[in-house]
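I am opening my notebook on this structure. My plan is to look up single residues, then a whole chain, then the contacts.

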Amino acid sequence: MKRYILKKLIVSVPVIIGVALITFLLLNVVPGDPITLMMKEHINPDVVKRVSAEMHLNDPAYFRFIHFLWNALRGDFGISYKLNRPVSELLLEAFPNTLALAVAAAVVSWIIGIPAGILSAIKRYSFLDNFFMGFSLLGVSMPVFWTGLLFQYIFSLKLGFFPISGFDGPEYLIMPAIVLGWSSAGTIARLTRSNLLDVMRNDYIRTARSKGIKELKVVTNHALKNSLLPVVTVMALQVSGLLSGAVITESIFGIPGIGRVAVDAIQNRDMPLLQGSVILTTILVVVGNLVADILYSYLDPRIKYNKKEA
Amino acid sequence: MVDTIQPLLEIKHLKTQFFTSKGIVPGADDVSLTIDKGKIVGVVGESGCGKSVTALSIMQLISEPGKIVGGEILFDGRDLLKSSKQQMYTIRGNEISMIFQEPMTSLNPVYPVGKQVAETLLIHNSHLSKEAAKKAVINMFELVGIPDAKRRFQVYPHQLSGGLRQRIMIAMALICKPKLLIADEPTTALDVTIEAQILQLLKDLQEEIDTSIMIITHNLGVVAEVCDDVYVMYAGKVVEHSDVFELFDHPKHPYTKGLLKSMPRSDVDEQRRKLYSIKGMVPNMLRPPQGCRFHPRCSEAMDICKKTEPTVVTINEQHCVSCWKYNER
């Protein structure tokens, strides 16, 4: 297992470097000069020259890229052009907010999605099944920006249950987490339902019944673990997706997270900040995949990495 | 035979039907069958003749859209069809247990095999500690001939061969020392050498644990090997019933004769003979043929066979057949 994780980590290094390279190249071909941007109308050719040299902007591209990688390896992503603060500091500030939102949204989606999927599968074609499937279809189909605004209108403006936006304590998280969680709950519920129904047709379920196990226990003890495998993949990818910036949700609810940082960086052509947030996002996705792989081997012993037994 | 042996299982006129979108399919149609205590009874027939449906009806594990619509299943004096769900939970795996055709897929892939066997024991003996259950399972593993039983307790199904998996299934079925073991094609998925071992094992265990066994098979060789009594089924109906010697020596029903003739033989003069096969196909059970269901394939069919269903004729004490040929006697 340790060897497997190590192998996965080594394989992910080229992925991260590749993403860094592509971002770097794209940002280099985009027109616009960071110094002009920073100085706005007070452009002084001497200063431009000096700052260009300081920021290595005159160096060849490959040199700058290697320079960037080397610094990044030591946790230094450069200084934000716009905010004039270290990128790593800005990202570290934003990350906990994104993490809190992502975890809360994920928990909401699991709490709704998995039980809804199980109940729908057990009571197939019943009212309950139709209700849950309709509910999850609604969650998947409604765009987050619309649900977000709707929630703000109903629960903040009209009913005054939750603060409308900003980030100043756990109560600020509830609404965005539900909005974001609902949309992924639908996917999880549908996936759980269809997988469980599939697994229930297996021979070993018949064996379990023939042993005298009660129906509910057949589902929870024998079918569920088998049917969660694909759900876990989606869940892990979802979490890394949520972490890498629920851009829209963060914007609507005014949460200063990674997504907002990235959007601001794009708008300001703040190259170091954008590059830093893209790399962080990449790392999060890679880690999410790794977690999914590890969970796999826990759920299904047939996936035992590098371990053979007779 | 003096009739002092008590029947353990008596199926009377069992009717199990499948309500499909295209119509009603009779899975088991008026099936009557008796299994005496301590006997091994074979149920033979082609695929789709209702063998497994009969077995699953006993266990009441017929899944949608199937339904038992009539008859009685008397087990140890109780009618299983009148038993509640709760009562069936205590009977399944405990008093009647079952092993299935496909050992490769009949075990749950995500739990160690020992745990799966112990589960059966723990469900039916709630007072038992986990340690005691584990000990009992390892003993049972040894009994069914699983080498290195202690280590194998922790092993997952995918780490075992088909033969070993079937032994695990047998251990699981016998762990509660059931009164009746239903073995649904227990050796079909195994190769011949393993088949012989498993059959021998079933025979030995039957004596050791004193359980009755119902073996479902399409292989008359298996029947000859282990069974005391045989029921031959065709298209949802029992067409012939006899003890095993009588059946092989004096088969009566043309279908049974056909089955026996289509067995490969090793006799010298038989070697050059082309293997016989019963012509035609199993009928579409949505619209089973009128009269005797076998008549379209029967070489001895008469006019009456096409019109009226044959009744059961008793040839002698151990031998009954449903065929018009013997009605005239």
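**Entry: Ile5(A).** I asked how exposed Ile5(A) is. I counted 13 other C-beta atoms within 10 Å, so Ile5(A) is partly exposed. A residue would need 20 or more to be buried, and 12 or fewer to be exposed. I must remember that this is a predicted model. Ile5(A) sits in helix H1 of chain A, which covers residues 2-29. I also looked up a distance from Ile5(A) to Gly160(A). These two are 155 residues apart along the chain, and 48 Å separate their C-alpha atoms.

**Entry: Val244(B).** Next I picked a residue in the other chain. Is Val244(B) buried or exposed? I found 20 C-beta neighbours inside 10 Å, so Val244(B) counts as buried. Val244(B) belongs to helix H9 of chain B, residues 244-249. I then listed what Val244(B) touches, setting aside neighbours within four places in sequence. The contacts are Val223(B), Ala224(B), Cys227(B), Asp228(B), Asp229(B) and Val230(B). I checked one distance too: Leu107(B) is 137 residues from Val244(B) in sequence, and their C-alpha atoms are 32 Å apart.

**Entry: chain B as a whole.** I counted 11 helices and 12 strands in chain B. Along the principal axes, the C-alpha atoms of chain B fill a box of roughly 65 × 50 × 45 Å. Of the 329 residues in chain B, 47% are buried. I also looked at contacts in chain B between residues at least 6 apart in sequence. Of these, 63% join residues at least 24 apart.

**Entry: the UniProt record.** I read what UniProt says about chain B. An unreviewed entry places the feature "domain: ABC transporter" at residues 9-260. I found that this span is 39% helix and 28% strand. The C-alpha atoms at its ends lie 27 Å apart.

**Entry: the nonpolar core.** Which residues have the most contacts inside the largest nonpolar core? They are Ala171(B) and Met214(B), and the core has 157 residues. I followed up Ala171(B), leaving out residues up to four places away in sequence. Ala171(B) touches Val117(B), Met140(B), Phe141(B) and Val144(B).

**Entry: two domains in chain B.** Chain B is split into domain 1 (7-95 + 176-326) and domain 2 (96-175). Their centres, taken over C-alpha atoms, are 28 Å apart. Domain 1 of chain B puts 29 residues into the contact, and domain 2 of chain B puts in 22 residues. Which elements of domain 1 of chain B supply at least two residues each to the side that touches domain 2 of chain B? I noted helix H1 (51-59), helix H2 (85-91), strand S7 (180-184) and helix H7 (192-210) of chain B. H7(B) gives the most, with six residues. By class, this side of domain 1 of chain B has 19 nonpolar, five polar and five charged residues.

**Entry: chain A meets chain B.** Last, I looked at the contact between the chains. I counted 21 residues from chain A and 24 residues from chain B. On the chain A side, helix H9 (203-210) and helix H10 (215-243) give two or more residues. H9(A) gives the most, with seven residues. The chain A side divides into six nonpolar, six polar and nine charged residues.

Notes
Residues numbered from 1 in each chain as written. Chains lettered and ligands numbered in written order. Predicted model: local features only at pLDDT ≥ 70, side-chain atom pairs only at ≥ 80, totals over all residues. Contact = placed C-beta atoms within 7 Å. Helix = DSSP H or I, 4+ residues; strand = E, 2+ residues; numbered from the N terminus. Nonpolar A, V, L, I, M, F, W, Y, C, P; charged D, E, K, R; others polar. Core = buried A, V, L, I, M, F, W, Y, C linked by C-beta atoms within 7 Å. UniProt positions renumbered as here; feature names shortened; annotations may be inferred. Domains from an automatic or database assignment.
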